[in-house]
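Visitor: I have this model open and would like to go through its geometry with you. Could we take it topic by topic?
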Amino acid sequence: MKNFRQARWDEPVVYEVSRDRKEGTLVDSEFREYSAKFFGKLPEGVARKEPPPIPSLSEVEVVRHFMRLSQMSYGVDFGPVPLGSCTMKYNPKICEELSGSREIAEAHPYLDEDEVQGLLEVLYTLQKWLSELVGMDVCSIQTPAGSAGELAGALMIKKYHVDRGETQRDEMVVPDSAHGSNPASAAMAGFKVVRIPTDSRGNTDLEALRAALSRRTAGIMLTNPNTLGLFEEYIIDIAREVHGAGGLLYYDGANLNGIVGYARPGDMGFDVAHLNLHKTFAAPHGGGGPGAGAICARGALVDYMPVPVIDYDGRKYFLKYNVPRTIGRISWFYGNVVPAVKSFLYIAALGTQIREVAEVSTLNTNYLLKKLTSLPGVDLVYGHGRWRKHEFVVSFEKLYKETGVGAEDVAKALLDRGLHAPTILFPLIVPEAHMIEVTESETRENLDRLAEAYREIVALAYSDPAEVRKSPQNTSVGRLDTVYGNLPRNVVLTYKSLAEKKSRV
Ligand SMILES: Cc1ncc(COP(=O)(O)O)c(C=O)c1O
């Protein structure tokens, strides 16, 4: 988009706007009266003497403050957010609205089960639908994120082997095309991580896997479709080999968007799987959360599920704690209820049409892939000629070598054209990577817009590379020094304090 210019407001944080101001308030009079009555009963030593330093602003100031900030931002309500491995699809507003109702959003987790039967029924039904979608015996929404599901699954596998006296099984096999959280979760559960390389077709190298399996193998954590967007061609063989060696199979189902309704981890032979509700099932990803994971199990691992699982005895819905060999709690209360309700609504609205999510997202992925790989300087590293599922990864290494314009420069140039950049420089096995996931939300026009922006940037890289490296020039904030910005001691609230801090460094 040639005319794109993002707003640049010199917007302080609310605390600075309201500093030293007496008039205006965020607290309404009803609350003031209520709090005077309630807090008047507090014992002397407990009540605070001074009011807390809450910003003091009028309604119009607050509204304008946040409007200006929103103009300096970009989200899926503005345009595509093709962040690979994040599934930033557009989430229907109806799911937001209904799940945000008082009865759901404000239900206290300590309410008696009898008072939340409706809510428990919704969550129980969601567990059932998710079990059906992944081909497992049971699912729980206890896990508040995908990585929490991974940790739960790894702990379940560990306890299973310990209960059978096989304490020597201390190795978890993880392909190098896995999401980074997989080896991290395996390590957190106390396993030694055994890394398996990816073959040229983008599959887990079967020979290397066979060589790695032993009496020490506890299991494998496999992301499928993997971070290259490729479905493991030998998944049945992998399942047979790992089970044959006495290990169990963990399925990272965060990338379900490209196969939902078509293929199920349970049918592939997997024992335990997690889903990211905030990727495939309408709960927005990012934006500070909360997210929601689901952990699902089959066969012997059902007895190891984290508690509580929501259950039904034919009369009443209840929180079940007596799971025989449970690994215990993974988070507080039921898990994150609001995003779980969004997912329930999303699946209920789509019904069996949920398969179209997989169809359209896969079609969109491959449409854009074809357009990008026809550009000079852009390559596929793995799996030439193979169809992708939810996402694809292209490499700008050739462009970088020929022009000095790398993956980061191309990403910044996309921002200048009013588009969100994809995930870059990940997965690590692809040099100068762009990991692109457009989901089913995008129209063909938007895909063409993205493709055209890439074409224009690559052409400019060959004719005037210095111009591309100046990007972004049209955004609220210019190119950041990410190394400096990521230093924890530099994480501060305002530009003003950042400037102060910088001058002290
Ligand atoms: C493939 C894959 N696995 C696991 C995760 C971890 O999920 P979370 O960020 O909810 O912890 C992600 C995150 O997006 C992912 O893409």
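Visitor: How far apart do the C-alpha centres of domain 1 and domain 2 lie?
Guide: In this predicted model, the C-alpha centres of those two domains are separated by 44 Å.
Visitor: Which residues does each domain cover?
Guide: The protein chain is divided into domain 1 at 14-71, domain 2 at 137-352 and domain 3 at 481-505.
Visitor: On to the ligand. Which residues come nearest to the ligand?
Guide: Of the 14 residues around the ligand, the nearest are Ala145, Gly146, Ser147, His179 and Ala254.
Visitor: How does that shell split by class?
Guide: The shell around the ligand holds 10 polar residues, 3 nonpolar ones and 1 charged residue.
Visitor: Now helix packing. At what angle do helix 7 and helix 8 pack?
Guide: Helix 7, residues 146-163, packs against helix 8, residues 181-188, at about 45 degrees, and their axes are 8 Å apart. That angle makes helix 7 oblique to helix 8. The crossing of helix 7 past helix 8 is right-handed.
Visitor: Which residues make the contact?
Guide: Helix 7 contributes Gly146, Ser147, Glu150, Leu151 and Ala154, while helix 8 contributes Ser181, Asn182, Ser185, Ala186 and Met188. By class, the contact of helix 7 with helix 8 has 4 nonpolar, 5 polar and 1 charged residues.
Visitor: What about helix 6 and helix 12, at what angle do they cross?
Guide: The axes of helix 6 (residues 117-134) and helix 12 cross at roughly 60 degrees and come within 10 Å. Helix 6 and helix 12 are therefore oblique to each other. Their crossing is left-handed.
Visitor: And which residues make that contact?
Guide: On helix 6 they are Val122, Leu123, Thr125, Leu126 and Trp129, and on helix 12 they are Ala340, Val341, Ser343, Phe344 and Ile347. The contact of helix 6 with helix 12 has 8 nonpolar residues, 2 polar and no charged.
Visitor: Are helix 13 and helix 16 roughly parallel or roughly antiparallel?
Guide: The axes of helix 13 (residues 355-373) and helix 16 (residues 444-463) cross at roughly 25 degrees and come within 10 Å. The two helices are therefore roughly parallel to each other. Helix 13 and helix 16 make a right-handed crossing.
Visitor: Turning to the backbone, which residues does a cis peptide bond join?
Guide: Pro308 is in the loop between strand 7 (293-297) and strand 8 (309-312). Another joins Phe426 and Pro427, also with omega about 0 degrees. The place of Pro427 is the loop between strand 11 (423-424) and strand 12 (433-436).
Visitor: What is the phi of Phe333?
Guide: Phe333 has a positive phi of about 55 degrees, although it is not a glycine. Phe333 is located in the loop between strand 9 (317-320) and helix 12 (337-350).
Visitor: Why flag such values?
Guide: Most residues other than glycine have a negative phi, and most peptide bonds are trans.

Notes. Residues numbered from 1 in each chain as written. Predicted model: local features only at pLDDT ≥ 70, side-chain atom pairs only at ≥ 80, totals over all residues. Near = placed C-beta within 6 Å. Nonpolar A, V, L, I, M, F, W, Y, C, P; charged D, E, K, R; others polar. Axes fitted to C-alpha atoms, helices over the stretch in contact; angles between N-to-C directions. Helix = DSSP H or I, 4+ residues; strand = E, 2+ residues; numbered from the N terminus. Parallel < 35°, antiparallel > 145°, perpendicular 65-115°, else oblique. Left-handed = near helix turned anticlockwise from the far one by under 90°. Contact = placed C-beta atoms within 7 Å. Domains from an automatic or database assignment.
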